[in-house]
Amino acid sequence: MESALTARDRVGVQDFVLLENHTSEAAFMENLRKRFKENLIYTYIGSVLVSVNPYKDLEIYTKNHMERYRGVNFYEVSPHIYAVSDNSYRSMRTERKDQCILISGESGAGKTEASKKILQYYAVTCPASDQVETVKDRLLQSNPVLEAFGNAKTLRNDNSSRFGKYMDIQFDFKGAPVGGHILNYLLEKSRVVHQNHGERNFHIFYQLIEGAEEDLLRRLGLERNPQQYQYLVKGNCPKVSSINDRSDWKVVRKALSVVGFNEDEVEELLNIIASVLHLGNIQYGGEDSGNAYITTDTQIKYLARLLGVDGLVLKEALTHKKIIAKGEELKSPLNLEQAASARDALSKAVYGRTFTWLVNKINVSLAYRDETYKNASVIGLLDIYGFEVFQHNSFEQFCINYCNEKLQQLFIELTLKSEQDEYEAEGITWEPVQYFNNKIICDLVEEKFKGIISILDEECLRPGDASDITFLEKLENTVGGHAHLTTHKLADGKTRKVMGREEFRLLHYAGEVNYNVNGVCVRSNQLCFISSFAVVSLSLSGRFDEVLIRHQVKYLGLMENLRVRRAGFAYRRHYETFLQRYKSLCPETWPSWQGKLADGVSTLVKHLGYKPEEYKLGRSKIFIRFPKTLFATEDALETRKHSLGERERERVTSRAVVVQAWWRGILACRRAQRRREAANTIRRFIKGFIYRHNERCPENEYFLDYVRYSFLMKLRRNLPKTVLDKSWPTPPTALIEASEQLRKLYMQNMVWSYCKRINPESSPTSPIQLFSKLCFEIFKNKKDNYPQSVPKLFVGTRLNGEEINPKVLQSLGSEKMKYAVPVTKYDRKGYKARPRQLLLTSNSAVIVEEAKLKQRIDYAALKGISVSSLSDGVFVLHVPTEDKKQKGDVVLQSDHIIETLTKVAICADKVNSININQGSITFTMGQGKEGIIDFTSGSELLVAKAKNGHLSVTAPRLNSR
Ligand SMILES: Nc1ncnc2c1ncn2[C@@H]1O[C@H](COP(=O)(O)OP(=O)(O)OP(=O)(O)O)[C@@H](O)[C@H]1O
Ligand SMILES: [Mg+2]
């Protein structure tokens with residue numbers, strides 16, 4: 001609230017108690033108008049919330065809004081229905097006292113909407129559990145049901161509640177809603193049979209006709225046309241643009257099942273609703289003065305079925321009355337007018353009882369059942385018409401206005417009492433308040449024996465001919481002299497002109513009202529009393545219609561409320577809140593007050609020059625009598641904020657200068673330090689350069705290290721990119737040797753990487769590498785042509801499939817060929833050279849001539865392999881002599897001797913059977929004979945039969961040897 005004090009010129013005050021001229025209705029209206037213009041529809045009078053119906057969606061009822069008001073102090077936020085809801089809830093929780101929120105105002109003011117907002121607030125903000133969710137749903141869903149059966153379109157409100165409603169919401173000890181109870185009263189039953197022009201019957205009739213499924217309508221004997229029903233045509237207004245009966249029907253059907261109606265119960269309920277429509281269509285025949293008879297038998301048929309009664313009995317009941325004379329029951333026929341009236345009375349009674357049954361049924365579903373909830377706390381919501389005056393005021397209006405009179409009395413008493421309590425608690429002397437006490441009017445109505453109600457009771461119970469007129473006479477005789485009552489007979493000439501003969505006039509707190517006594521004796525059973533409430537909320541209607549609102553302000557007694565509330569002090573706050581807000585206005589309390597809060601506030605107000613009559617200091621609060629004192633303080637605070645702002649700026653500026661100077665000093669020191677270090681480095685550098693050719697010594701070590709470092713860094717940036725790039729940075733003297741080592745290493749590495757890139761087989765784990773390793777182990781330093789063979793690439797095979805005759809391949813069958821090479825075979829006799837192919841399969845070595853398979857040596861039969869240590873390619877495969885299939889050892893020559901023999905060794909698993917011989921090799925020629933091969937070195941390779949009969953092999957000498 002304080003936050004809005006500064007904007008009060010534009011948005012008015014949030015609490016009417018802060019109105020300077022609180023007795024002026026004009027000032028009151030002006031404040032309302034200012035706020036309404038800014039879409040601020042809520043204003044307080046103390047704990048009363050005044051609301052002006054905006055007739056548009058203001059988006060102030062979102063979940064965020066609910067959160068904003070949850071658990072917040074009343075005064076910290078702008079007035080709102082949620083603030084009232086929250087305040088009642090918290091009072092209930094903390095004080096463990098039942099609360100009541102009374103919502104009053106004229107028709108269309110927004111009472112029912114306000115009560116729904118309160119329910120929604122509790123549904124959203126209160127603690128929940130599964131069971132609680134069901135109760136919340138039922139509480140919320142009871143509204144559409146009650147509105148369907150109890151609300152109707154009137155000239156003032158398209159959804160006017162035509163019954164009074166008091167709803168209890170019960171909360172458990174955790175603050176969760178666990179149950180509810182609804183009390184209905186004063187249902188406007190006359191609406192069932194008659195509506196004024198432009199008004200409608202209760203919504204449910206139209207919803208049923210528009211929304212019900214064809215089947216259901218057929219069962220109920222209804223047509224989908226409201227014009228067909230006498231009870232729906234009186235107002236000539238079956239359709240309303242703001243109402244969608246069809247979709248509302250769906251909502252109501254759903255709500256009925258949420259609040260616990262099963263299908264049968266719904267059907268029964270609708271039977272009765274339909275029967276009212278059928279009753280309305282009953283027509284009579286007969287003379288005006290003669291006996292009435294029913295002309296519409298179809299209706300009777302439907303009614304008998306829907307109500308479950310005998311058609312004939314019903315017919316008779318609608319055309320006859322029972323008279324008990326001298327203990328005897330007599331039936332006498334009714335005339336036309338009487339019969340129509342009996343029909344309507346039955347319709348009203350049926351509808352009225354159905355409504356009560358409906359409310360009871362909802363109450364059963366809302367009732368809390370759990371024993372542990374016995375001690376539930378309650379918040380009551382009373383949605384009641386406000387004080388109203390019409391051209392003709394009936395007995396119902398008398399009841400409503402009396403309720404409002406009574407509420408006004410309770411309300412003033414409670415306001416006074418809470419004020420008194422607060423003064424007492426704060427130790428402030430209570431000064432009596434002058435206000436209009438309406439006790440005199442309440443007594444006039446309710447006093448035992450002398451009050452209007454007592455007189456009415458007495459008159460109704462009295463034997464003999466009691467009538468409305470005798471009641472009026474009794475009134476005149478008993479309370480005729482009362483200052484607040486007059487009748488046509490007792491009134492002066494001027495008043496008499498505006499009063500009917502059957503009227504009495506009451507001077508209410510809100511104004512004069514003439515009540516008609518017609519039917520008063522019949523209806524007197526319906527009075528209701530309200531016993532307790534704590535927070536009160538009022539609503540006003542209007543699109544800021546000045547006349548209407550002024551009227552409501554008067555009839556709701558708002559000015560009187562304000563007067564009472566303002567009788568003492570307009571404003572009060574806890575010391576802490578007050579001091580916190582205004583402490584900057586006094587040098588002693590600014591920036592903080594160390595002593596007692598009360599002393600701080602006292603010092604502050606003295607400094608501000610408050611006069612003794614303007615304020616009082618209580619135990620924990622300061623009380624300020626006039627709003628103008630508060631506003632002057634508020635204005636001073638505004639000015640102070642500006643100057644504080646200026647001073648604050650100056651203070652910040654001077655602090656900034658200090659910080660800047662300090663920082664600049666640090667920067668300068670750092671710069672000087674860096675310069676010193678730079679000079680030292682240069683000095684060391686020059687010295688080092690001078691001593692650069694000396695042995696390492698303290699004078700040159702920095703320089704030399706730097707030179708090395710910079711060479712290595714330069715090298716890193718300028719390394720050759722390819723094997724062909726021979727560039728290399730020139731090293732300093734001290735690094736010549738290291739540079740050369742590095743260059744070699746780097747080159748080797750580059751070559752290796754290059755080879756690896758172009759020949760993936762050079763990987764050490766590749767089969768080729770493993771093969772090379774085996775060659776190395778077998779032949780290194782043992783056979784002269786080994787080194788020569790190394791740079792040559794070993795290959796998988798020397799002959800591919802196309803180079804071998806297909807017949808050979810065919811005869812090898814499934815035997816897998818692993819290696820093939822062209823060889824020269826030397827005949828065992830004569831040593832004639834013959835071109836052959838040597839094929840190594842998985843099982844044997846095969847010697848092939850063109851398409852012929854000349855010899856097959858199973859690996860198992862291969863005894864050994866002999867070869868010379870020289871550079872020739874001759875080798876011998878030894879086979880067992882006893883093997884008849886073999887003709888003797890085989891002498892062969894291969895151009896790839898190292899490769900060929902290694903392959904043989906691998907395939908035949910004979911690595912250890914290779915014999916490398918010096919000089920000569922002896923081999924078997926078959927039939928026990930032996931041959932000899934002699935090896936000698938010469939200039940070129942020569943293989944020929946020597947004169948001694950041996951095979952002579954001259955191997956060329958190689959350079960590496
Ligand atoms: N807070 C609000 N914001 C916007 N529109 C509102 C608000 N309150 C009420 N209205 C509008 O005013 C209409 C009438 O309100 P509501 O039915 O609550 O009046 P009432 O006081 O209960 O009247 P009655 O005494 O006839 O039942 C609502 O249908 C709605 O259109
Ligand atoms: Mg209403």
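How many bridges join strand β21 to strand β22? Four bridges do so, linking β21 (residues 833-841) with β22 (residues 844-849), and the two run antiparallel. This is a predicted model, in which local features need pLDDT of at least 70, side-chain atom pairs count only at pLDDT 80 or more, and totals for chains, interfaces and linings use all residues. Residues are numbered from 1 along each chain as its sequence is written, while chains are lettered from A and ligands numbered from 1 in the order in which they are written.

Some terms first. Strands (E, at least two residues) and helices (H or I, at least four residues) are DSSP runs, numbered from the N terminus. Two strands pair if DSSP finds at least two bridges between them.

Stay with β21 and β22. A hairpin of two residues connects β21 to β22. Across this pair, L840 has A845 of β22 as its bridge partner. Next comes β23 (residues 852-858). Six bridges join β22 to β23, again in an antiparallel run. Here S844 stands opposite D858 of β23. The hairpin of β22 and β23 also has two residues between the strands. In that hairpin, E850 takes a positive phi near 50 degrees.

Now turn to another part of the chain. Three strands form an open sheet in the order β13-β14-β15, with antiparallel pairing. β13 (485-487) and β15 (512-516) are the edge strands, and each pairs on one side only. From one strand to the next, the twist averages 25 degrees. Axes here are lines fitted to C-alpha atoms, for helices over the stretch in contact, and angles run from 0 to 180 degrees between N-to-C directions. Helix α19 (residues 468-479) packs on this sheet and touches β13 and β14. Contact means that the C-beta atoms of two residues, placed from the backbone, lie within 7 Å. The direction of α19 makes about 135 degrees with that of β13. Within the sheet, β14 (residues 503-507) pairs with β15 over five bridges. One pair there sets F504 against its bridge partner Y515 in β15.
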